[in-house]
Amino acid sequence: MTTGEARAVPAVAAGPGAPRRTAPSRAGVRLARLYATSRRVPAAVAAIAACALGLRLALTGHWDTYGALQLPLVFETAAAAAITATAASPLGEPERVTGRWLPYLRLAATLALTAVAIGALAAAGTGTHLAGGTLDVARNLAGITGIGLLCAATISGGLAWIGPAAFLIPGAYALYTQWHHPALTTPWLWPGRPPHDLGAAICAGLVFATGVAVITARGARDLPDEQA
Amino acid sequence: MTATRAPARSGPVTRRPRPAARLLRLELRHNAMLWMMPVAVALFWFTAERKTLATPPLWSLRAAGMQLSAVVAFASPVAGAAAWMGSRESRRRTTDLVNITARPRPGRLLATWAATTCWALVAYLACLAVVYGVTAQQAAWGGPLWWPAVVAAACLPALTALGFAAGTLVPGRFTAPLVALAAFFVLALSTQLIHGSQSYWQISPVVTGAWDIGPDPGVATFYAYLPDLPIAQVMFLLGLTAAVLGALTLPTGSGLRSLRRSAVAITTAGLVVAGTAVALAGTGRLDAHGMIAIPALHDAASDRPLRYTPVCSHTAIPVCLNPAYASYLPATEAALAPMLDQIAGLPGAPARISQTPATYRQGPGNSVGIGLAGSSISGAPPVLHLLLPVQLPGPALTAGELAGQLRSITGPSIIASVTGDGPGASEAQHAVTTALLMAARVVPSHLPSPQTPTAGNGGPPPGAGAGGERYVGSAPGSPGFAVAQRFAALPAAVRRGWLTQHLAALRAGRISLGQLP
């Protein structure tokens with residue numbers, strides 16, 4: 001059979017037993033669902049909800065100045081680590097080659113999870129004394145998520161948590177130096193800056209935008225022989 | 001076919017390494033902690049350089065700061081890497097493959113855990129060597145305190161064991177980050193639960209002494225470092241490590257029955273040791289020297305003061321400091337010399353000023369009262385006991401800041417101790433004290449409160465003076481202030497002559513303001 005013959009084959013009429021083309025919207029939903037399942041997005045949402053619940057419970061307790069300032073940062077970092085954990089792909093190269101919608105799915109999943117995390121943590125702090133408030137939550141979480149996404153793209157999807165976990169210590173130390181001088185005032189350590197600090201917001205936003213752009217375009221790096 | 005005898009093979013016999021050693025070597029070469037070492041070292045250095053090495057070069061301060069920095073900096077990377085290594089078989093889908101190998105599961109797991117721990121310890125020892133090496137070059141007196149170093153080192157196997165167990169038992173992409181962050185959360189924020197010196201939570205390896213004082217320059221300088229709390233912490237950490245590792249080998253299919261029995265025994269023993277350590281930590285109390293003493297672990301010989309040869313200034317009244325504080329002597333000498341010139345040789349004036357240890361007393365909650373024990377002047381010839389502001393907890397003072405506090409607080413207190421000035425003293429005593437300060441060209445910046453300084457939730461205490469008598473002086477604009485100005489304007493010899501003749505009466509309150517020249 002030649003190519004021309006193959007082209008000449010008429011389309012099979014759709015019958016009761018033949019595969020049907022699904023509507024584009026349903027296919028899109030199915031694709032998004034499969035993507036979310038493969039990246040453990042539901043588990044990440046559950047982890048974010050657990051972080052929000054943990055923060056809420058913790059805020060009901062009595063904390064001294066150290067604890068009250070550093071507590072939200074720990075939960076923000078945990079939520080950011082949960083978001084970045086979804087960057088790893090269990091399918092690797094085959095999916096990368098064939099999935100043309102992948103960049104959009106990565107972008108949508110990352111932005112949606114970040115928004116969910118900010119909303120959940122801000123809601124957890126409602127009615128309590130959340131140090132820094134919602135602005136602080138949004139800035140810190142976005143910036144730390146950006147660090148995690150950059151780690152996912154450069155180190156590995158499975159090891160993306162290294163960035164947020166490592167950043168937590170200088171971040172907490174920057175908060176500590178606010179009353180144990182000399183204070184660390186660099187905006188790149190944004191957790192130590194006040195919520196309305198423009199420089200810190202720009203730095204965190206820049207890191208988040210870079211992380212999202214890189215992960216959207218390239219996806220997480222896969223380590224050989226590793227299943228995410 | 002003719003059978004021939006094959007000659008025995010001669011030549012060099014190479015000894016093959018034992019399987020366990022070979023397995024450990026393989027694990028060392030393929031371990032995530034190897035790549036996590038730079039992260040852990042960088043995190044340690046980020047805080048230690050600014051915090052620990054920025055403190056005065058006192059072994060007590062540097063060792064306690066090093067313990068705290070090392071435990072907090074290493075917690076996340078070490079626990080996370082261990083969890084990552086623990087989930088390796090699941091990630092690589094090799095669980096079934098390795099389960100049928102000749103090596104028993106406990107041996108395989110322990111080799112991976114040991115390799116992770118080894119790299120963590122290597123990174124920690126490198127950090128320790130740098131901090132202690134720098135301190136050894138800078139410290140004027142004393143030697144390394146090893147107990148804080150041992151506590152931080154014992155923390156690493158416990159962290160790797162916990163992380164490794166979590167990764168092995170619950171493999172998944174969320175396990176390693178969860179373990180890494182939980183390790184930080186538990187270690188950094190569990191101290192919120194400490195209330196007073198009799199708290200079970202002092203077992204946390206980030207605790208180096210009375211909590212909320214933090215690393216204190218006044219501790220372990222005049223008295224030996226008490227190893228009571230570190231011993232309990234090391235017991236707890238080793239017990240926890242043994243219990244976790246023992247429990248890891250308990251699940252079914254782990255090999256021989258004898259092996260399982262051993263695992264049960266190790267787990268039980270570990271739990272008992274860890275539980276005992278927690279119970280011991282709960283019996284701790286803040287001793288008078290600022291350290292946590294645990295009666296069951298306490299050695300009474302540790303309560304004896306350390307022997308040292310003081311370093312003394314060449315002022316009119318010698319000021320003698322503990323050699324550990326020798327770097328502060330020039331600033332102390334320069335700050336106090338003008339005031340000491342005014343009182344040297346007067347009846348009742350000290351013949352020597354000697355630095356003395358602070359006394360600690362547990363207050364409500366986590367507050368701690370710090371001050372001088374007993375009278376500020378004692379002995380014959382009289383010796384004035386001095387508490388340097390740098391002996392008190394709080395931000396590290398520069399030489400200039402120390403000199404400022406000595407001039408504004410300590411010096412006036414020393415003069416007040418000679419004139420008998422204080423809250424209940426006469427106007428004449430206030431005026432003479434003020435006059436002597438004017439003559440020494442010293443203007444005290446503020447009047448210290450008569451209460452004992454307190455450290456605690458409210459933050460570091462203000463700088464304390466010599467203790468005992470406190471400077472009150474005459475307020476500007478008052479009749480006493482005018483008299484003080486007149487008295488200060490007298491020639492030094494006239495002033496000294498009058499004081500030599502009338503100081504005893506002045507101290508007794510028998511001199512009125514009008515009787516001053």
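**Core, contact and sheet**

Guide: A79(A) touches I48(A), C51(A), A117(A), L121(A) and L141(A), leaving aside residues up to four places away in sequence; contact means C-beta atoms, placed from the backbone, within 7 Å. This is a predicted model, where local features need pLDDT of at least 70, side-chain atom pairs count only at pLDDT 80 or more, and totals for chains, interfaces and linings use all residues. Residues are numbered from 1 along each chain as its sequence is written, with chains lettered from A and ligands numbered from 1 in the order written.

Visitor: How many residues has the largest nonpolar core?

Guide: In soluble globular proteins, nonpolar side chains tend to be buried together. Here the largest nonpolar core has 219 residues, and A79(A) and F74(B) are among those with the most contacts inside it. Such a core joins buried Ala, Val, Leu, Ile, Met, Phe, Trp, Tyr and Cys through C-beta atoms within 7 Å; buried means 20 or more other C-beta atoms within 10 Å. Helix α3 (residues 59-86) of chain B gives the most, 19 residues; helices are DSSP runs of H or I, at least four residues, and strands of E, at least two.

Visitor: What does each chain bring to the contact?

Guide: Chain B brings 26 residues and chain A 32. On the chain B side, α8(B) has the largest share, eight residues.

Visitor: Which strands of the chain B sheet stand at the edges?

Guide: Strands of a sheet pair through backbone hydrogen bonds, either parallel or antiparallel. The order is β3-β4-β5-β9-β8 (chain B), open and mixed, pairing requiring at least two DSSP bridges. β3 (311-312) and β8 (377-378) of chain B each have a single partner strand, so one side of each lacks a neighbour in the sheet.

How values were computed: Buried ≥ 20, exposed ≤ 12 C-beta atoms within 10 Å, placed from the backbone. Contact = placed C-beta atoms within 7 Å.
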